[in-house]
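Here is a briefing on one protein chain. Look over the sequence and the fold before reading on.

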Amino acid sequence: MAKKFFTLKEVKLNNNCPECYSNNGLQLTFKQQFVENAFYKAITEETTQSMSCSTCDTDIFPVRWTDEIEQVVAYQKRAAKPKPKSLKLKTLAWVLIVLDLLIIAGVVLFAMGVFG
């Protein structure tokens with residue numbers, strides 16, 4: 001099962017970077033999980049956030065966030081609306097469902113004496 005993430009929202013922040021102290025390089029990214037396998041595609045409720053600085057090319061982890069950055073992240077997190085949870089069956093899943101229904105119908109008809 002392949003778990004992937006797609007970008008929900010990217011925000012440039014005006015806060016100072018905790019590493020290089022630049023105030024124009026911070027970028028906050030929100031991502032939502034997307035699961036895909038042979039039977040279905042689904043969007044889950046799981047979201048993640050990451051922050052990086054384009055000035056010093058550094059990922060900024062939450063332990064390095066200042067109080068001001070945490071406040072901005074909390075605000076942006078409330079503003080980022082995740083897509084609703086969804087599930088879409090692929091062709092293989094539909095084929096297996098139809099085959100199972102046909103087999104069950106055949107067994108029932110055989111048990112009732114229609115075939116035999």
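Helices (H or I, at least four residues) and strands (E, at least two) are DSSP runs, numbered from the N terminus. Just after H2, Gly113 takes a positive phi of about 90°. The model is predicted: local features need pLDDT of at least 70, side-chain atom pairs count only at pLDDT 80 or more, and totals for chains, interfaces and linings use all residues. Residues are numbered from 1 along each chain as its sequence is written, and side-chain values use heavy atoms, with hydrogens and water left out.

**Helix H2 and its surface**

- Helix H2 covers residues 91–111, 21 residues in all.
- Phe39, Leu92, Val95, Leu96, Val98, Leu99 and Leu102 make a nonpolar surface patch of about 590 Å². Patches take residues with over 30% relative accessible area and no salt bridge; like charges are joined within 9 Å, nonpolar side chains (Val, Leu, Ile, Met, Phe, Trp, Tyr) within 5 Å. Areas come from the Shrake-Rupley method with a 1.4 Å probe; for residues, only the protein chains shown count as cover.
- Leu102 sits in helix H2. Its relative accessibility is 56%, so Leu102 counts as exposed (buried is under 20%, exposed over 50%, partly exposed in between; 1.4 Å probe, protein chains only).

**Nonpolar core**

- The largest nonpolar core has 13 residues, and Leu26 and Met51 touch the most other members. Such a core is a set of buried Ala, Val, Leu, Ile, Met, Phe, Trp, Tyr and Cys residues joined through side-chain atoms within 4.5 Å.
- Strand S2 (26–36), strand S3 (40–53) and helix H1 (67–79) each give two or more residues to this core. S2 gives the most, with 3 residues.
- Leu26 touches residues including Val11, Leu13, Met51, Ile60 and Ile69, not counting residues up to four places away in sequence (contact means heavy atoms within 4.5 Å).

**Salt bridges**

- The whole structure holds 3 salt bridges (a side-chain nitrogen of Lys or Arg within 4 Å of a carboxyl oxygen of Asp or Glu).
- Lys4, Glu36 and Lys90 are linked in a network of salt bridges. Glu36 meets Lys4 at 3.5 Å, N to O, and Lys90 at 2.9 Å, N to O.
- Glu19 and Arg64 also pair, at 2.9 Å, N to O. Glu19 lies in the loop between S1 and S2 and Arg64 in the loop between strand S4 (58–60) and H1, so the pair ties together parts 45 residues apart in sequence.

Key:
The expected span of a helix is 1.5 Å times one less than its number of residues.
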